[in-house]
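I opened the notebook to record what I looked up, one entry at a time. The structure comes before my notes.

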Amino acid sequence: MKVEGNGPPAWLQALPFAAVFLFFFIAPLVLVAAVSLWPTSDYELLPGFTFQNYATIFAGCANLAEPCVTLKTYWSTLSFALETWAVTLLLGFAIAYFLAFHVRSATMQTLLFVVCTIPFWTSNVIRMISWLPLLGRNGLVNQGLLWLGLVDRPVEWMLFSGFSVVLTFVHLYTMFMLVPIFNSMMRIDRSLLEAADDAGASGWQTLWNVVVPLSRTGILIGSIFVITIVMGDFVTVGVMGGQQIASVGKIIQVQTSYLQFPLAAANAVVLLAVVLLIVVALNRLVDLRREL
Amino acid sequence: MTDPKNEASATAEADAKRRSLLKGAAGVFATGMFPAVHAQEKIVLRYLGTAVNQDKAIADKFKADTGIEIQYVAVNTDEVTKRAVTSPNSFDLIDTEYFSLKKIVPTGNLKGIDTKKIKNADKITTLFTTGMVGGKAVGDQGTAPKKVIYLEGEKSKNFAKAPTQFMSLIPTVYNADTLGIRPDLIKRPIESWKELLNPEFKGKAAILNIPSIGIMDAAMVVESMGLYKYPDKGNMTKKEIDLTIKTLIDAKKAGQFRSLWKDFNESVNLMASGEVVIQSMWSPAVTAVRSKGIACVFQPLKEGYRAWAAGFGLPATLSGKKLDGAYEFINWFLDGWAGAYLNRQGYYSAVLETAKAKMEPYEWAYWMEGKPAAQDIKSPNGQVLEKAGKVRDGGSYEQRMGAIACWNALMDENTYMVQKWNEFVAA
């Protein structure tokens, strides 16, 4: 139905939000892309046009026997993203499934859901740092293991390692996976489950053929959240990796702090491209716009 | 538990404060006007720097003395430089390291400070003006302050070769860094920088993850291992950078480092928790570990120290009352109270003479002369730092500052160095 003469035209209504996007999203992005093509200089930004920054980033990357810093860094960041994604998906899905289908009363559901958000009541950094006294050489876990006689010397790989980084990511971001999956599960028509049961499907068959496909929008949204956050994170990798593990974000941060803005901008553009590719690939699997 | 005695003294103190406030108020009413000219228009100075000497006590004391308010803007070393270059109007006073000047001065964002307006300018320690301590020249590899302290004029983008009337920065605080160790866990004397990469401490060593400073520590190690002798550690060629980073990468791949650290607290935690037993460290961080009752030594080494220095600069656009206020603050800072405050924290102040006048003789003897403490040594906030009878690590001012081997620096090949450093982190 067409409503005419009723309030301002549609384009005017969309204008404020479009303006916000233009100024705070599009413009900075264009600027970053532009600066990535400027020549590098220590203390001033000189407009120009050069691909030198990109050449610097990928210098030596053709040799796959001894990968260059950029490839190695992207590989390590990507593998963190994948590992974290796998674990948070498993955990998030299991917890959401329990909350949505096994907890009967709405009050209990709400209560348990709030319990899940408790870690979010403290800051990101505190949640991260709280692992240090637990996992360290003289930390609680090691003391416990020594006391039980399971090991005869402190275990070192628990802290400042890939393990501690992934553990912290899982701790920090499972919630981002849980919430959208829980949301899609709550919208599943319960009679479908009954129908599956009536048709003789086993519990696993129902899970795989009914619940998983119907939760895929939630899974996709959660996956996008977790992967994009982990790809851009440098604080967690820094603190939990003992600053010894490279991440793309860390490289960009070091470069901006040394005023090498063009190089940092070029790195940011590359990172953006990689993350966008991942998101596009995920969207190929599930057509988000149609499903919502 | 409350200590009744303490409470009583606190009340007495509060009483005294109230009384002096009343007296002051009475004075104002009696004369019918406010005494200082500042009262006409309140001056607030935005002080950009690192948290190192942005002490609340200093701002409070200055306000009590002059009525001018200091508003601290605390960021890290790299960020100070970045703001000085990119947003020079966001502060009225900058406290930055000398090595940053090579980036800031060419932008013209700093004003040369007129030493004629600085009362104690001629008493600033010779370490800054001529690079000498006790009549002897110290190491000047890297960005030694004497190379960048003088500008050609008030509005100059160039460093002067010889002393002039205009200084780029008026020194505030400086020190010399070395390795910190846990003697209780190492159990043998440590004498050289090369111990940092000694396989004996595999998985228990750490190095600073601030590229421009970490590379200097690494250079000290490379030189002490006898791998290479740098013509100037503070300005390496690409080849020298490659060699230094390669040494670090080899050590990292062999599992030498437990962690790298970037800020003060991280280094304290690594050391206090026993994750690390040897690492490059800052003097007050060692003090912080020790005040937890954990043995930690700021170990003097035979190759000498890596020094750093910070100072006050004025933005080029500063004028009028704010400019006068900034000059007043700098003068006040060099006048002794702040200097004594910094010396008691284990740093060194720019004008020693005035600071000495504000310190107890036993404090001066411990901190500056390397003599055993005649009584317990306390920090400015009253915490006991060292028991009576102890001697400061590294000894006297002349022993410590006289053994400077190099200074924090900004290299010509800085971009390349940062890129290689990222390679080390990624290795």
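**Entry: one strand of chain B and its partners.** I started at Gly180(B), which stands opposite Phe298(B) in strand 14 of chain B. This is a predicted model. Strand 14 covers residues 297-299 and runs antiparallel to strand 10 of chain B, with three bridges joining the two.

Next I looked up strand 13 of chain B, residues 278-281. Four bridges pair strand 13 with strand 10, again in the antiparallel sense. Here I found Thr178(B) opposite Met281(B).

Then I went to strand 15 of chain B, residues 305-315. Strand 15 pairs with strand 10 over seven bridges, antiparallel. I noted Arg306(B) in strand 15 as the bridge partner of Asp177(B).

I also checked strand 16 of chain B, residues 348-349. Strand 16 and strand 10 are antiparallel and share two bridges. Val173(B) has Ser349(B) of strand 16 as its bridge partner.

**Entry: a helix of chain A.** I turned to helix 4 of chain A, residues 106-117. From first C-alpha to last, its 12 residues reach 17 Å, close to the 16 Å expected at 1.5 Å a residue. How many of the 12 residues of helix 4 of chain A are buried? I counted zero, so helix 4 lies largely in the open.

**Entry: Met128(A).** I located Met128(A) in helix 5 of chain A, residues 124-129. Why does Met128(A) count as partly exposed? It has 19 C-beta neighbours inside 10 Å, and a residue is buried only if 20 or more lie within that distance.

I then listed the contacts of Met128(A), leaving aside neighbours within four places in sequence. They are Thr168(A), Thr236(A), Val239(A) and Met240(A).

**Entry: where the chains touch.** I looked at the contacts between the two chains. On chain B, 27 residues are in contact with 23 residues of chain A. Which elements of chain B each supply at least two residues to the side that touches chain A? I noted helix 3 (77-86), strand 12 (257-261) and helix 17 (414-426). Helix 17 of chain B gives the largest share, seven residues. By residue class, I recorded nine nonpolar, nine polar and nine charged on this side of chain B.

Definitions and conventions. Residues numbered from 1 in each chain as written. Chains lettered and ligands numbered in written order. Predicted model: local features only at pLDDT ≥ 70, side-chain atom pairs only at ≥ 80, totals over all residues. Expected span 1.5 Å × (residues − 1). Contact = placed C-beta atoms within 7 Å. Nonpolar A, V, L, I, M, F, W, Y, C, P; charged D, E, K, R; others polar. Pairing = 2+ DSSP bridges.
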